[in-house]
Amino acid sequence: MSLRVFASVRDRRKGFLVAGGAAFPCALGRSGIGTLKREGDGRTPRAELPLRRVLYRADRIGRPLSLLPLRRIAPRDAWCDDRTDRRYNRLIDRPPGEAEERLTREDHLYDVIVELGWNDAPIVRGRGSAIFWHLARPGFTPTAGCVAVERHVFAKVLPRLARRCVMLVR
């Protein structure tokens with residue numbers, strides 16, 4: 001199964017994630033969907049994004065049911081968004097400095113994350129990092145470029161996804 005994501009005609013920062021015959025509301029990047037993606041631009045990339053693995057907060061939720069590779073989020077986990085760092089757009093162990101996306105957050109947005117294959121084969125510095133499918137804020141407020149849904153969507157969709165599933169963002 002592939003997932004499809006498209007923007008709403010009323011608000012480009014919101015959209016729908018379609019899985020099989022079901023459509024779920026989702027939040028998109030603050031700049032909507034775009035083909036030219038750069039670090040910090042707030043765009044959700046218009047692309048075919050492979051689902052790499054599921055990261056989850058074991059201290060907050062149970063182990064998700066999924067055929068995708070699973071990994072618990074550790075307290076020191078972060079995602080490097082510093083384009084000058086050789087570890088750019090990778091999961092790292094608490095990098096020095098402020099250029100990082102910490103995965104252990106106070107809010108619940110990253111209780112479950114699906115790492116999307118954006119700018120990772122090969123990595124091009126500055127082309128965008130930390131593009132995830134994660135939990136949405138109340139009211140589906142915009143993301144920094146990710147796709148975000150309500151918690152129940154993960155419970156319904158993750159168990160049905162094949163290992164080679166992709167998210168088509170159009």
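**Close-up 1. Asparagine 119 sits in the loop between E11 and E12.** This view, like the others, shows a predicted model. The phi of asparagine 119 is positive, about 55°, although the residue is not a glycine. Most residues other than glycine have a negative phi. Asparagine 119 has a relative accessible area of 5%. That value is under 20%, so asparagine 119 counts as buried.

**Close-up 2. A cis peptide bond joins alanine 121 to proline 122.** Omega for this bond is near 0°. Most peptide bonds are trans. Proline 122 belongs to the loop between strand E11 (112-116) and strand E12 (132-135). Asparagine 119 is also found in the loop between E11 and E12.

**Close-up 3. Phenylalanine 140 has a positive phi.** The angle is near 55°, in a residue other than glycine. Phenylalanine 140 lies in the loop between E12 and strand E13 (147-149). Is phenylalanine 140 buried or exposed? Its relative accessibility is 15%, under the 20% limit, so phenylalanine 140 counts as buried.

**Close-up 4. The structure holds one cavity of 30 Å³ or more.** Which residues line the largest cavity? The lining consists of Trp79, Asn89, Glu115, Leu116, Trp118, Asp120, Ala130, Ile131 and Phe132. By class, six lining residues are nonpolar, one is polar and two are charged.

Key
Residues numbered from 1 in each chain as written. Predicted model: local features only at pLDDT ≥ 70, side-chain atom pairs only at ≥ 80, totals over all residues. Heavy atoms only, no water. Helix = DSSP H or I, 4+ residues; strand = E, 2+ residues; numbered from the N terminus. Buried < 20%, exposed > 50% of the residue type's maximum accessible area, 1.4 Å probe, protein only. 1 Å grid on protein atoms, 1.4 Å probe; cavity = no way out; pocket = protein on both sides within 12 Å on 5 of 7 lines; lining within 4 Å. Points joined across faces, edges and corners; volume = space filled by probe spheres on them. Nonpolar A, V, L, I, M, F, W, Y, C, P; charged D, E, K, R; others polar.
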